[in-house]
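Reader: Hi! Could you walk me through this structure?
Author: Happy to, let's take a look together.

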Amino acid sequence: MKQAIIVVGFAVLIMLVSLTLLSVESKSDRQDELDKVVSAAVKQTVKESQIEEQTNINSDKEMIAQFIQNMCTSIKSDGDLQIEIMGVDYKEGMLDVMVTEKFLYPNGKQGKITSRKCAISQ
């Protein structure tokens, strides 16, 4: 009987440690993905806005729409995204955004990560 209680105790302890490690790893993986996706989408959008005689981006709103499209097609995680445009100028090729992702940990709690990126055409 004593051994059964010890085995159950160890099983519960191992499960708690596994969930904790999974939560920490989940947040860092999501942060890495968000940083890479936002950075790539900002760079690509600024680059596209400065192409001679392009027809996709002819206003600040179109530049924002292009950024959102570039970002949403690249991200793989399943969190809720909130995009704040801090600054935009399609003529000069400048875009500054802050993206916040809300997600659920395996234990049901809500997590939140943020990435802010800015790019200016050279």
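**Strands and helices**

Author: This is a predicted model. Strand E1 (residues 80-89) and strand E2 pair in the antiparallel sense over 9 bridges.
Reader: What about E2 and E3, how many bridges do they have?
Author: E2 pairs with strand E3 (residues 110-120) over 11 bridges, in the antiparallel sense. One of the pairs is Phe103 with Gly111 in E3, and Val99 stands opposite Ser115. Their hairpin has 5 residues between the strands, and Gly108 takes a positive phi near 100°.
Reader: So in what order do the strands sit in the sheet?
Author: The order is E1-E2-E3, in an open sheet of 3 strands with antiparallel pairing. E1 and E3 are the edge strands, each pairing on one side only.
Reader: New topic! Which strands does helix H1 touch?
Author: Helix H1 (residues 2-49) packs on the sheet and touches E1, E2 and E3. The direction of H1 makes about 25° with that of E3.
Reader: And what does H2 touch?
Author: Helix H2 (residues 60-74) also packs on the sheet, touching E1 and E2. The direction of H2 makes about 145° with that of E1.
Reader: Last one: why is E2 largely enclosed?
Author: Because 8 of the 11 residues of E2 (residues 94-104) are buried, E2 is largely enclosed by the rest of the structure.

Definitions and conventions:
Residues are numbered from 1 along each chain as its sequence is written. This is a predicted model: local features need pLDDT of at least 70, side-chain atom pairs count only at pLDDT 80 or more; totals for chains, interfaces and linings use all residues. Side-chain values use heavy atoms; hydrogens and water are left out. Buried means under 20% relative accessible area, exposed over 50%, partly exposed in between (1.4 Å probe, protein chains only). Helices (H or I, at least four residues) and strands (E, at least two) are DSSP runs, numbered from the N terminus. Two strands pair if DSSP finds at least two bridges between them. Contact means heavy atoms within 4.5 Å. Axes are lines fitted to C-alpha atoms, for helices over the stretch in contact, and angles run from 0 to 180 degrees between N-to-C directions.
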